[in-house]
Amino acid sequence: MTERRWKEVDTYFVDKIVGMDDALDQCLREAEAAGLPQAAVSPAQGKMLHLMAKSIGAKRILEVGTLGGYSAIWLARALPPDGKLVTLEIDPKHAKVAQTSVAAAGLAKLVEIRTGAALDLLPDVKGPFDFSFIDADKENNPAYFEHALRLSRKGAIIIVDNVVRGGAVTDPNGGSQVQGVRRLFDKLANETRVSATAIQTVGDKGYDGFLMAVVN
Ligand code: SAH
Ligand code: DHB
Ligand code: MG
């Protein structure tokens, strides 16, 4: 099964049921034009994040790693008019592009982009959150997860992106990003405060996966 086939199937899903629109297309175009890395979630993944947040009636969402605001738009669209998405981004250039795209999507009132290293910002972020999406530097995954957990209400969902990395997660000698993912799994192996699973995915973004935890 080739990567080309995975992409074709993602395209099929997007055409049939995911739905893209001008704001989402424009967001990806702006990011590319500004030379941002192409690391946004896929459309199908974005819609899944949106549906998960919506299904639990999330009113407050935390995101670590904004990039150009693509996942932020999907997540903010799950919010009620008085909801809030707080999203953290270390790179001011990324944050600026994201702010423009979020505003163009009509979501500026719902989305607060904070610029800085997430580990510096998180101690001042006020909870509780119903939903968290962790998608920044993988080295700090365990610390981000700990903050998200501390800031979560009971029943909250925490999603972590890129926990498979082409299967590298099982490599005990993997690089620093893989080590960050593995330390998160080690932590969760002995974590009674959440119930967790992880799902391997193929598609637009190759072979990767999501971790999902629900706070007890
Ligand atoms: N969630 C985005 C993709 C995020 S890519 C989407 O799906 O659309 C990862 C982002 O994390 C990048 O923009 C990168 O600059 C940011 N990042 C990396 N290290 C960070 C840190 N220490 N604190 C906050 N953001 C960080
Ligand atoms: C990449 C993908 C991601 O989802 C991410 O968060 C960071 C990097 C990548 O494809 O390089
Ligand atoms: Mg990611």
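User: Which atom of ligand 1 does a polar side-chain atom of aspartate 135 lie 2.8 Å from?

Analyst: A nitrogen atom of ligand 1. Bear in mind that this is a predicted model.

User: What about aspartate 137, how far is its polar side-chain atom from a nitrogen atom of ligand 1?

Analyst: That distance is 3.3 Å.

User: How much of ligand 1 does the protein bury?

Analyst: Taken alone, ligand 1 exposes 580 Å². The protein buries 88% of that.

User: And which elements give two or more residues to the shell around ligand 1?

Analyst: Helix H4 (70–76) and strand E2 (84–89).

User: How many residues surround ligand 1, and which are the closest?

Analyst: 21 residues surround ligand 1. The closest are Gly65, Ser71, Glu89, His94 and Asp135.

User: What does that shell have by class?

Analyst: Twelve nonpolar, five polar and four charged residues.

User: Where does the backbone of alanine 118 come in?

Analyst: A backbone N or O atom of alanine 118 lies 2.9 Å from a nitrogen atom of ligand 1.

User: New topic, the surface. Which residues make the nonpolar patch?

Analyst: Val9, Tyr12, Phe13 and Ile17 make a nonpolar surface patch of about 410 Å².

User: Where is valine 9 placed?

Analyst: Valine 9 sits in helix H1, which covers residues 3–18.

User: Why does valine 9 count as partly exposed?

Analyst: Because its relative accessible area is 34%. Partly exposed runs between the buried cut-off, under 20%, and the exposed one, over 50%.

Technical notes. Residues numbered from 1 in each chain as written. Chains lettered and ligands numbered in written order. Predicted model: local features only at pLDDT ≥ 70, side-chain atom pairs only at ≥ 80, totals over all residues. Heavy atoms only, no water. Patch = residues over 30% accessible without salt bridge, like charges linked within 9 Å, V, L, I, M, F, W, Y side chains within 5 Å. Areas by Shrake-Rupley, 256 points an atom, 1.4 Å probe, with all protein chains shown as cover. Salt bridge = Lys/Arg side-chain N within 4 Å of Asp/Glu carboxyl O. Helix = DSSP H or I, 4+ residues; strand = E, 2+ residues; numbered from the N terminus. Buried < 20%, exposed > 50% of the residue type's maximum accessible area, 1.4 Å probe, protein only. Near = heavy atom within 4 Å. Polar contact = N/O pair within 3.5 Å; in protein donor to acceptor, adjacent residues only side chain to side chain. Nonpolar A, V, L, I, M, F, W, Y, C, P; charged D, E, K, R; others polar.
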